[in-house]
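Hi there,

Here is the structure I promised to pass on to you. Please have a look at it first, and then read my notes below.

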Amino acid sequence: MIKKILSIAILAFTLAAPAQMNAQDIQRTTIEQEQKEVSIAVNDATLYIKNAEHQMVEIYNMTGVKVVSYRIDSNSKSIDLNQLPKGCYIVKVGKVARKVYLR
């Protein structure tokens, strides 16, 4: 019964909301749908990131301490990680996180 009431309330709210979207909202929705998934890869001590323009890259050690962060200003970026000790790290870009090993 509660689910039915909630469904009716959501439907009523949806119908009451303005039906028109302005051009900026439509453009933003289109851009968000066209964005590709962030790609994170490592080769030796170089980190390669694609499709992450205007985002932050955060690198954490295995104890959860942030060891370094970078701002990505282009669609693809390579970051030299030679300054970090060998080991396992978590690389986070926006909502995407990957585990990488530096050898």
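Predicted model: local features only at pLDDT ≥ 70, side-chain atom pairs only at ≥ 80, totals over all residues.

**Salt bridges**

The count comes to 2 salt bridges, a salt bridge being a side-chain nitrogen of Lys or Arg within 4 Å of a carboxyl oxygen of Asp or Glu. Side chains of opposite charge can pair when their charged atoms come close.

One of them joins Glu 37 to Arg 98, with 3.6 Å between the closest N and O atoms. Glu 37 sits in the loop between helix H2 (23-34) and strand E1 (39-43), while Arg 98 belongs to strand E7, so this pair ties together parts that are 61 residues apart in sequence. Glu 37 is exposed, at a relative accessible area of 57%, and Arg 98 is partly exposed, at 34%. For these words, buried means under 20% relative accessible area, exposed means over 50%, and partly exposed is in between (1.4 Å probe, protein chains only).

Glu 58 and Lys 66 form a salt bridge too, their closest N and O atoms being 3.4 Å apart. Here Glu 58 counts as buried at 19% relative accessibility, and Lys 66 as partly exposed at 41%.

Residues are numbered from 1 along each chain as its sequence is written, and side-chain values use heavy atoms, with hydrogens and water left out.

The average pLDDT (the predictor's confidence in each residue, from 0 to 100) is 79, and 66% of the residues score at least 70. Confidence is lowest in helix H1 (residues 2-16), with a mean of 50, and highest in E3, at 96. Over residues 13-18 pLDDT stays under 50, and the model has 0 contacts there beyond four places in sequence; contact means heavy atoms within 4.5 Å.

**The sheet**

The protein has 2 helices and 7 strands, in the order α-α-β-β-β-β-β-β-β from the N terminus on. These are DSSP runs numbered from the N terminus: helices are H or I with at least four residues, strands are E with at least two.

Which strands make up the open sheet? There are 4, in the order E4-E3-E6-E7, with antiparallel pairing; two strands pair if DSSP finds at least two bridges between them. E4 and strand E7 (96-102) are at the edges with a single partner strand each, so one side of each has no neighbour in the sheet.

Strand E3 (residues 56-61) runs antiparallel to strand E4 (residues 66-71), joined by 5 bridges. Val 57 has Tyr 70 in E4 as its bridge partner. The two strands form a hairpin with 4 residues between them, and Gly 64 in the turn has a positive phi of about 90 degrees.

**One residue to look at**

Not counting residues up to four places away in sequence, Met 56 touches Ser 69, Tyr 70, Arg 71, Lys 92, Val 93 and Gly 94. Met 56 and Ser 69 are 13 residues apart in sequence and 6.8 Å apart in space, C-alpha to C-alpha.

Best wishes
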